Amino acid sequence: MSLAGKRILLVIAGGIAAYKSLDLIRRLRERGASVRPIMTRGAQEFVTPLAVGALSASHVYTELFSREDEQDVGHIRLARECDLVLVAPATADLMAKMANGLADDLASTVLLATDRPVLIAPAMNPKMWAHPATQRNFAVLQRDGIQAIGPMEGEMAESGERGRGRMAEPLDIVARVEDLLSGPKPLSGMKAIVTSGPTHEPIDPVRYIANRSSGKQGHAIAAALARLGADVTLVSGPVTIADPMGVKTLHVERADEMRDAVLSALPADIAVMVAAVADWRVATSAEQKIKKQPGEAPPPLELTENPDILKTVGHHAQRPRLVVGFAAETENVEENGKGKLERKGADLIVANDVSPETGIMGGDRNRVKLITRDGVEGWPDLSKEEVAERLALWIATQIGGTGA
Ligand code: C5P
């Protein structure tokens, strides 16, 4: 994608991550964008206006009441003569000002005066990010329609502390800018529900029954649908991977919770059920930990069937227009997939051979077959991200959204 002809007003606030803004300017300009920088007083303590000016090939705006700057463009024009206002890094202080409508310097004034989309890339010490005041301000900004990327988990540049607070990487910020500035996408205006991960069915408060599932494939599909413009609700069982960006994630443990969350997200246009839902749960799970008694036989576990979420959705009165299921099989992949298509009321079954020698389970790659009523299409060995990308495009073609 390119940003040719796009005008970015880049607000650099005072944090150590400001050094990454220099790279960000280069990356934006490489893609054809023009960058007009505003620096707060704090930002100038970390990087010099000289460096920012040289890399952006633009005048650097720093003062609210500067005769020179005001004659040049003025803060109202600065705020409007752009396609996007990007705040990177967005410090806790600047976010607090934005959330409260303060305008006591050029950066905050422009942010209050603008009628353009605003994207912030927060960066700060993890304790500052986690502080209720910052979280409150962030929630307000989101409600005000401000877009955000990050902060990310990782090591802090200045203190070596770990935690959430790192600014998103310049290339990821550029990708989000491209996303925000590209026109309507094939799945714009569509709602999608994705399930991912395993479910945990309690035996007692400390033990559970589960399937092996990392959630990597389902999470990647949720992110890929969102990138195509869909409004995505991801219902995730217990996983150790992060919530995907740009997706609303609901966390559940058990199959019945997953079903309730999925049904509460209806109506939707698209459902992709990737979760490895446990087929059975313990009929009555123990309230207390079951004790091992010397000399006694192991406790019998009476199992009962879990709700089939895919089947419920596939036969629901509010059935999404496109219902996709997965089939993790270790044998007769095609045959079983075809049977599942009918039983579950799905339009597509993505079948994969998860026999242990394939390494698919928990791994980063996948080899799938697409089974529809029209036939079977085999895809080559791909990364789970590539499978997600292709599947999202396949869905967009089927559902024929705007611009597809
Ligand atoms: O029948 P099987 O479990 O092989 O079907 C797999 C497909 O059905 C997957 O898409 C899975 O997410 C979905 N499924 C479900 N609820 C269940 C069992 C499976 O949604 N209880």
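1. The shell around the ligand divides into eight nonpolar residues, one polar and four charged. Here Ala, Val, Leu, Ile, Met, Phe, Trp, Tyr, Cys and Pro count as nonpolar, Asp, Glu, Lys and Arg as charged, and the others, Gly among them, as polar. Of the 13 residues around the ligand, M273, A275, L310, F326 and K340 come nearest. A residue is near a molecule if one of its heavy atoms lies within 4 Å of it.

2. Basis of the model. This is a predicted model, in which local features need pLDDT of at least 70 and side-chain atom pairs count only at pLDDT 80 or more, while totals for chains, interfaces and linings use all residues. Residues are numbered from 1 along each chain as its sequence is written, and side-chain values use heavy atoms, with hydrogens and water left out.

3. Helix 13 (309–314), strand 16 (322–329) and helix 14 (333–344) each supply at least two residues of the shell. Helices (H or I, at least four residues) and strands (E, at least two) are DSSP runs, numbered from the N terminus.

4. Polar contacts come next (pairs of N or O atoms within 3.5 Å). A polar backbone atom of M273 is 2.5 Å from an oxygen atom of the ligand. For a backbone N or O atom of L310, the distance to a ligand oxygen atom is 2.8 Å. The side chain of K344 places an N or O atom 2.9 Å from an oxygen atom of the ligand. The protein buries 86% of the 450 Å² that the ligand exposes when taken alone; the areas come from the Shrake-Rupley method with a 1.4 Å probe.

5. Two cis peptide bonds deserve a look. One joins A88 and P89, with omega about -5 degrees. P89 lies in strand 3 (residues 84–90). The peptide bond from L266 to P267 is also cis, with omega near 0 degrees. P267 is in the loop between helix 12 (255–264) and strand 13 (270–273).

6. A57 sits in the loop between helix 3 (49–56) and helix 4 (67–72).

Key: Polar contact = N/O pair within 3.5 Å; in protein donor to acceptor, adjacent residues only side chain to side chain.
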